[in-house]
Amino acid sequence: MRSYYKGGSSSSNDNMMEKKPAIKFTKLFINGEFVDSVSGKTFETIDPRNGEVLGRIAEGDQNDVDLAVKAARGAFDHGPWPRLPGCERGRIMMKFADLIEQNLEELATLESLDCGKLFNYNKSIDIPGVAATLRYYAGAADKIHGQVLKMSREFQGYTLLEPIGVVGHIIPWNFPSTMFFAKVSPALAAGCTIVLKPAEQTPLTALFYAHLAKQAGIPDGVLNVVTGFGPTAGAAISSHMDINMVCFTGSTETGREVMKAAAMSNLKPVSLELGGKSPLIIFDDADIEMATDLALTGILFNKGEICVASSRVYVQEGIYDEFVNTLVEKAKAWVVGDPFDPQVCQGPQVDKAQFDKILSYIEHGKREGGTLLTGGKSVGNKGYYIEPTIFTDVNEDMLIFKDEIFGPVMALMKFKTMEEGIAKANNTKYGLAAGIVTKDLNVANTVSRSIRAGIIWINCYLVFDRDCPYGGYKMSGFGRDLGLEALHKYLQVKSVITPIYNSPWL
């Protein structure tokens with residue numbers, strides 16, 4: 001069994017683990033240029049492996065957002081991007097994707113340094129994945145069309161699909177690259193222009209992508225990146241009178257504020273992908289090895305910093321004891337350490353605030369009567385590392401049951417009947433995702449149709465695809481990312497009607 005915590009390695013990966021590449025882009029990207037913030041202020045971005053400063057980043061606020069929106073508005077109202085043939089927008093987006101792949105190593109490194117994600121995963125999955133997402137929407141850019149209508153009187157009617165205009169994107173810190181392109185790619189394909197604010201914890205890759213967009217030939221003003229903080233730069237985007245739509249991924253609490261600001265300003269439409277407290281329901285007929293692997297990966301992937309984490313695991317009572325024993329054994333073998341070490345399964349939490357929040361929830365779980373099966377502590381003497389943590393004896397009044405912790409903390413519970421499992425799974429204000437593990441097709445069909453959530457995984461978990469829409473029910477938000485549904489949310493339907501005179505038919 002491998003060591004539980006790895007603070008270093010004697011492998012050939014040592015150099016990468018110590019490597020800190022030069023941070024090339026630290027300024028705001030507005031109208032095709034990197035510029036200082038109007039105030040001249042900067043803020044630190046931190047390496048979560050050790051708490052050290054990676055660099056100082058320009059701190060944008062209302063004044064900078066105004067400049068970015070002015071650039072985006074000019075590019076939309078008077079620039080070529082919305083007026084290009086879709087195939088030409090697609091060609092430029094394809095070049096953008098090629099440039100991402102050419103800079104794969106550096107982008108994967110920056111992502112690991114800024115948020116603690118595993119380097120090998122970034123290099124093999126996430127960064128190639130964002131290039132593929134760009135290509136998916138590039139291929140859709142010339143397939144945007146309306147319909148001919150069958151009118152009931154002597155009129156000819158048809159619809160046009162037109163870009164919604166200037167879009168504000170506010171993205172989170174847990175998947176900086178994936179979220180950037182889940183938002184930007186369909187908006188670009190639709191012909192929109194963009195003002196994007198990355199999370200203040202993870203600005204580095206967003207600024208690098210802005211540089212590559214310019215190299216790819218995306219016109220000035222089409223893609224603008226304003227780094228800064230939510231209460232200033234984010235609030236300015238949400239409330240701006242000249243932004244036509246705002247898309248936000250993050251906490252439900254902040255989502256409320258975004259929606260309120262959008263309503264109180266110009267009543268702009270909003271797309272929100274918010275919190276989750278996703279259930280994984282494991283039935284008696286499940287394969288124990290597969291079920292424990294899915295449960296563990298579902299909560300520990302990306303250190304639990306994922307909206308769809310399977311933080312509530314329900315196991316039918318017939319296999320509960322065997323499941324618990326196998327799960328705990330696997331959790332104790334889970335390797336926590338430097339994200340550049342290829343043997344490591346889990347890197348550090350994104351920053352000190354998130355680290356402290358998770359440890360606080362663990363203490364709440366202990367005080368409220370939960371039984372700690374494994375984990376529950378920080379690991380190592382520097383950085384923001386936390387042990388995989390599993391609670392049992394959890395009731396539905398506990399904070400660790402109700403709240404989204406966003407960390408490697410599982411609440412493990414049992415159930416008797418399918419009906420009880422469904423009721424327990426739905427007992428949450430959230431509705432982002434759920435998982436079902438069973439060999440019974442009838443059970444899978446019934447449960448998947450009964451759970452109020454935006455995506456249901458049967459005998460799998462964390463399966464995303466660029467063609468598969470993703471979003472929530474209830475307080476997990478509304479609107480969809482990925483798939484063609486995401487493209488259409490950036491388009492408006494216009495109906496055009498003209499009379500027909502003396503036509504032999506309608």
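Colleague: Which residue stands opposite Gly 157 in β26?
Modeller: In this predicted model, Gly 157 has Ile 497 of β26 opposite it.

Colleague: And how many bridges join the strand β7 to β26?
Modeller: Strand β7, which covers residues 155-163, is joined to β26 by nine bridges, and the two run antiparallel.

Colleague: What is the strand order in that sheet?
Modeller: The order is β6-β7-β26, an open sheet of three strands with antiparallel pairing. The edges are taken by β6 (148-149) and β26 (491-499), and each has a single partner strand, so one side of each is left without a neighbour in the sheet.

Colleague: Switching to the seven strands, what order do they form, and what is the pairing?
Modeller: That open sheet runs β16-β19-β20-β14-β13-β22-β23, and its pairing is mixed. At its edges stand β16 (371-374) and β23 (455-458), which have a single partner strand each, so that one side of each lacks a neighbour in the sheet. On average, and ignoring direction, neighbouring strands of this sheet are turned by 25° against each other.

Colleague: Do β14 and β20 run parallel or antiparallel?
Modeller: Strand β14 (residues 312-316) and strand β20 (residues 409-415) run parallel and are joined by five bridges, with Gln 316 standing opposite Phe 415 in β20.

Colleague: Which strands does helix α12 touch where it packs on the sheet?
Modeller: Helix α12, residues 352-367, touches β16, β19 (389-392) and β20, and its direction makes about 25° with that of β19.

Colleague: New topic: where is Ala 206, and why does Ala 206 count as buried?
Modeller: Ala 206 is placed in helix α7, residues 204-216, and it counts as buried because its relative accessibility is 3%, where the cut-off for buried is under 20%.

Colleague: What does Ala 206 touch, leaving out residues up to four places away in sequence?
Modeller: With those left out, Ala 206 touches Phe 180, Leu 196, Pro 198 and Val 225. The C-alpha atoms of Ala 206 and Ser 177 are separated by 7.1 Å, although these residues are 29 apart along the chain.

Colleague: Is His 240 buried or exposed?
Modeller: His 240 is buried, since its relative accessible area is 13%, and its place is in the loop between α8 (230-239) and β11 (245-249).

Colleague: What lies 3.0 Å from a polar atom of the His 240 side chain?
Modeller: That is the backbone nitrogen of Asp 242. Not counting residues up to four places away in sequence, His 240 also touches several residues, among them Gln 62, Val 65, Asp 66 and Asn 266.

Terms used: Residues are numbered from 1 along each chain as its sequence is written. This is a predicted model: local features need pLDDT of at least 70, side-chain atom pairs count only at pLDDT 80 or more; totals for chains, interfaces and linings use all residues. Side-chain values use heavy atoms; hydrogens and water are left out. Helices (H or I, at least four residues) and strands (E, at least two) are DSSP runs, numbered from the N terminus. Buried means under 20% relative accessible area, exposed over 50%, partly exposed in between (1.4 Å probe, protein chains only). Contact means heavy atoms within 4.5 Å. A polar contact is a pair of N or O atoms within 3.5 Å; within protein, one must be able to donate a hydrogen and the other to accept it, and residues adjacent in sequence count only if both atoms are side-chain atoms. Two strands pair if DSSP finds at least two bridges between them. Axes are lines fitted to C-alpha atoms, for helices over the stretch in contact, and angles run from 0 to 180 degrees between N-to-C directions.
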